[in-house]
Amino acid sequence: MKILGEEFFEKDAVSLARDLLGKYVVFGGFVGRVVETEAYHEDDPASHSFLGKSFRNAVMFGKSGVAYVYFIYGMHHCFNVVCGGSGRGEAVLIRAVEPIEGVDEMKKNRRVDDIKNLCNGPAKFCQAFGISRMQNGTSLADGKGIYFCEDFENGGKPRTTRANTDFEVVATTRIGISKGVDLPYRFYIKGNLFVSRG
DNA sequence: CCAGTGATTCTCT
DNA sequence: GAGAATCACTGGC
């Protein structure tokens with residue numbers, strides 16, 4: 001289980017959004033397989049970085065491989081991966097993951113029993129994993145907090161999910177935005193049961 | 001469909 | 001500054 005390092009996140013947001021699909025995200029005792037992402041960059045009117053640096057989006061303009069977590073609609077958190085190289089204002093939103101480990105705790109956090117309804121949305125994923133603004137600006141490459149890895153062996157047993165490369169990627173328009181609506185920056189694993197909308 | 005909820009940004013003074 | 005509008009969402013009709 002090798003942790004993805006800073007260099008993995010230095011590519012542009014659209015490339016990283018594709019490359020994160022099938023990777024495993026780990027935080028505390030929670031593990032999920034990334035099945036749906038969206039890309040945002042500075043020349044994109046739907047991006048928080050579009051209007052330039054501010055107090056809220058400052059970490060978006062910092063180093064690649066850092067978490068950008070923001071609070072929205074008065075009740076929800078969304079988790080993004082800063083990328084594109086230093087100061088580029090690019091990030092990838094994690095929209096959905098397939099629950100792998102810590103499922104019982106996720107159910108408690110979400111107060112929901114249906115496994116398909118635990119992490120199938122950006123704020124649901126944060127609620128299930130217990131991610132909040134505490135994680136804003138933290139490194140994803142130092143192995144101390146949230147991190148990503150290529151493979152995950154389920155307690156030494158054979159993995160219950162399909163191999164990383166065994167899927168097709170679908171690119172569509174993004175969800176929940178009013179600008180840049182035609183850009184095909186949403187990516188998900190074709191046929192996966194845990195995406196927010198198939 | 002639409003309300004809830006609060007941070008952020010826009011649009012005027 | 002103040003008030004209005006907007007918002008990378010979710011859950012309950």
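How many disulfides does a search of the whole structure find?

1. Zero, taking a disulfide as a pair of cysteine sulfur atoms within 2.5 Å. Cys 119 is in no disulfide, and the nearest cysteine sulfur to it, that of Cys 126, sits 9.6 Å away. For Cys 149, the closest cysteine sulfur is in Cys 119, and at 15 Å that's too far for a bond.

2. Buried or exposed, where do Cys 119 and Cys 149 fall? Cys 119 counts as buried because its relative accessibility is 1%, and Cys 149 is buried too, at 0%. Buried here means under 20% relative accessible area (1.4 Å probe, protein chains only).

3. A word on the model: it's predicted, with local features needing pLDDT of at least 70, side-chain atom pairs counting only at pLDDT 80 or more, and totals for chains, interfaces and linings using all residues. Side-chain values use heavy atoms, leaving out hydrogens and water, residues are numbered from 1 along each chain as its sequence is written, and chains are lettered from A and ligands numbered from 1 in the order written.

4. On to the DNA. There are 22 residues around DNA strand C (a heavy atom within 4 Å of it), and among those that come nearest are His 76, Arg 110 and Ser 178.

Note on methods. Buried < 20%, exposed > 50% of the residue type's maximum accessible area, 1.4 Å probe, protein only.
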